Amino acid sequence: MYEIKLKDEYIKLGQALKATGLVSSGVEAKEVIQEGLVKVNGETDTRRGKKLYGGDVVSYNGEEIKIED
């Protein structure tokens, strides 16, 4: 499991995937999100700009990202 410590109030979904290295670029993040391969708190989300807050958990490709306040 990856953990991202928030510096601001939130981080966007595409940014979180890039920050952990699960995707190599913003274009790749956009593609996997729009293809429905990413879940936020157990629900598929197709919005690259989805705002993630402390406590949110992102799942992609067998990996999880936990967002920390």
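Contact here means heavy atoms within 4.5 Å. With that in hand, here's a quick tour of a predicted model, in which local features need pLDDT of at least 70, side-chain atom pairs count only at pLDDT 80 or more, and totals for chains, interfaces and linings use all residues. Residues are numbered from 1 along each chain as its sequence is written, and side-chain values use heavy atoms, with hydrogens and water left out. Helices (H or I, at least four residues) and strands (E, at least two) are DSSP runs, numbered from the N terminus.

**Ile-33**

- Ile-33 sits in helix H2 and counts as buried, at 0% relative accessibility; the cut-offs are under 20% relative accessible area for buried, over 50% for exposed, and partly exposed in between (1.4 Å probe, protein chains only).
- Leaving aside neighbours within four places in sequence, Ile-33 has contacts with Leu-13, Gly-14, Leu-17, Val-38, Asp-45, Thr-46, Arg-47 and Arg-48.
- From Ile-33 to Ile-65 it's 32 residues in sequence and 14 Å in space, C-alpha to C-alpha.

**The core**

- The largest nonpolar core has 18 residues, and Leu-17, Val-38, Leu-52 and Val-58 have the most contacts inside it.
- Helix H1 (13–20), helix H2 (26–34), strand S3 (38–40), strand S6 (57–60) and strand S7 (63–68) are the elements giving two or more residues to this core.
- For the record, a nonpolar core is a set of buried Ala, Val, Leu, Ile, Met, Phe, Trp, Tyr and Cys residues joined through side-chain atoms within 4.5 Å.
- Take Val-38: setting aside neighbours within four places in sequence, its partners are Leu-13, Leu-17, Val-32, Ile-33, Glu-43, Thr-44, Asp-45, Val-58, Ser-59 and Tyr-60.

**How H1 meets H2**

- The axes of H1 and H2 come within 9 Å and cross at roughly 120°; axes are lines fitted to C-alpha atoms, for helices over the stretch in contact, with angles running from 0 to 180 degrees between N-to-C directions.
- That makes H1 and H2 oblique to each other, given that angles under 35 degrees count as roughly parallel, over 145 as roughly antiparallel, 65 to 115 as roughly perpendicular and the rest as oblique.
- On the H1 side, Leu-13, Gly-14, Leu-17 and Lys-18 meet Gly-26, Ala-29, Val-32 and Ile-33 of H2.
- The residues of this H1 and H2 contact split into 5 nonpolar, 2 polar and 1 charged, where Ala, Val, Leu, Ile, Met, Phe, Trp, Tyr, Cys and Pro count as nonpolar, Asp, Glu, Lys and Arg as charged, and the others, Gly among them, as polar.

- Ala-16 belongs to helix H1 and is buried, with a relative accessible area of 0%.
- Outside four places in sequence, Ala-16 is in contact with Ile-4, Ile-11, Leu-52 and Ile-65.
- Ala-16 and Glu-3 are 13 residues apart in sequence, and their C-alpha atoms are 9.6 Å apart in space.
- Thr-20, also in helix H1, is buried too, at a relative accessible area of 14%.
- Not counting residues up to four places away in sequence, Thr-20 touches Tyr-2, Ile-4 and Ile-65.

**Positive phi**

- Most residues other than glycine have a negative phi.
- Asn-41 has a positive phi of about 55° although it isn't a glycine; Asn-41 lies in the loop between S3 and strand S4 (43–44) and is partly exposed, with a relative accessible area of 44%.
- Asn-61 also has a positive phi, of about 55°; Asn-61 is in the loop between S6 and S7 and is exposed, with a relative accessible area of 64%.
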